[in-house]
Amino acid sequence: MIEKHIVINFDLGLRGDYNSLYIWLDTKNAMECGKATAAFAMNFSEDVFDTIYKELKMELEKEVHIEKNDRVYMVATDESCRMQGAFLFGGRKKADWTGYKIINQNEPDKF
């Protein structure tokens, strides 16, 4: 077994199973890292990102009731010490900051 440090970010919506997730995080002695973000150490069978992903997902599925719109994203280092991330549940949505950049136009608008 190898101990790895993991960061997860979670969005279980208004009716999500936060109680079970919080119990699970507490048993992992997870640290709070901002709204809906936690860091913790966990043992895995090998130091390969795909294995870490699969084992973490299986454990969360056992402990937390996940609905189809729930999202949980994980970040861990792979065997080369590079950070990798992936959605355990759910997927990417349009970012809250989309559309905020100011676009400098050098050409006049054409109507």
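Guide: Two strands are said to pair if DSSP finds at least two bridges between them. With that in hand, we can turn to the structure above, which is a predicted model.

Visitor: Which residue in strand 3 does Ile 2 stand opposite?

Guide: Strand 1 covers residues 2–11, and strand 1 and strand 3 pair in the antiparallel sense over 8 bridges. Within strand 3, the residue that stands opposite Ile 2 is Phe 44.

Visitor: Helix 1 packs on the sheet, but at about what angle to the direction of strand 1?

Guide: Helix 1 touches strand 1 and strand 3 where it packs on the sheet. Taking the direction of helix 1 against that of strand 1, the angle comes to about 155°.

Visitor: Which strands are the edge strands?

Guide: The open sheet is formed by 5 strands, whose order is 2-3-1-4-5 and whose pairing is antiparallel. An edge strand pairs on one side only, and this holds for strand 2 and strand 5.

Visitor: Helix 2 runs at about 30° to which strand?

Guide: Helix 2, which spans residues 49–63, lies across strand 1, strand 3, strand 4 and strand 5. The strand to which helix 2 runs at about 30° is strand 5.

Visitor: Is Thr 51 buried or exposed?

Guide: Thr 51 lies in helix 2 and, once neighbours within four places in sequence are left aside, is in contact with Ser 45 and Glu 46. Its relative accessible area is 13%, and because the cut-off for burial is anything under 20%, Thr 51 counts as buried.

Visitor: How many residues apart in sequence are the parts that Asp 47 and Lys 4 tie together?

Guide: The side chains of Asp 47 and Lys 4 meet in a salt bridge, with 2.9 Å from N to O. Asp 47 belongs to the loop between strand 3 and helix 2 whereas Lys 4 belongs to strand 1, so the parts tied together are separated in sequence by 43 residues.

Visitor: Of Asp 47 and Lys 4, which counts as buried?

Guide: Asp 47 has a relative accessibility of 23% and therefore counts as partly exposed. At 7% relative accessibility, the residue that counts as buried is Lys 4.

Visitor: Where does Lys 28, which pairs with Glu 59, lie in the chain?

Guide: A search of the whole structure finds 2 salt bridges, one of which joins the side chains of Glu 59 and Lys 28 at 2.9 Å, N to O. This pair links distant parts of the chain, 31 residues apart, with Glu 59 in helix 2 and Lys 28 in the loop between helix 1 and strand 2.

Key
Residues are numbered from 1 along each chain as its sequence is written. This is a predicted model: local features need pLDDT of at least 70, side-chain atom pairs count only at pLDDT 80 or more; totals for chains, interfaces and linings use all residues. Side-chain values use heavy atoms; hydrogens and water are left out. A salt bridge is a side-chain nitrogen of Lys or Arg within 4 Å of a carboxyl oxygen of Asp or Glu. Helices (H or I, at least four residues) and strands (E, at least two) are DSSP runs, numbered from the N terminus. Buried means under 20% relative accessible area, exposed over 50%, partly exposed in between (1.4 Å probe, protein chains only). Contact means heavy atoms within 4.5 Å. Axes are lines fitted to C-alpha atoms, for helices over the stretch in contact, and angles run from 0 to 180 degrees between N-to-C directions.
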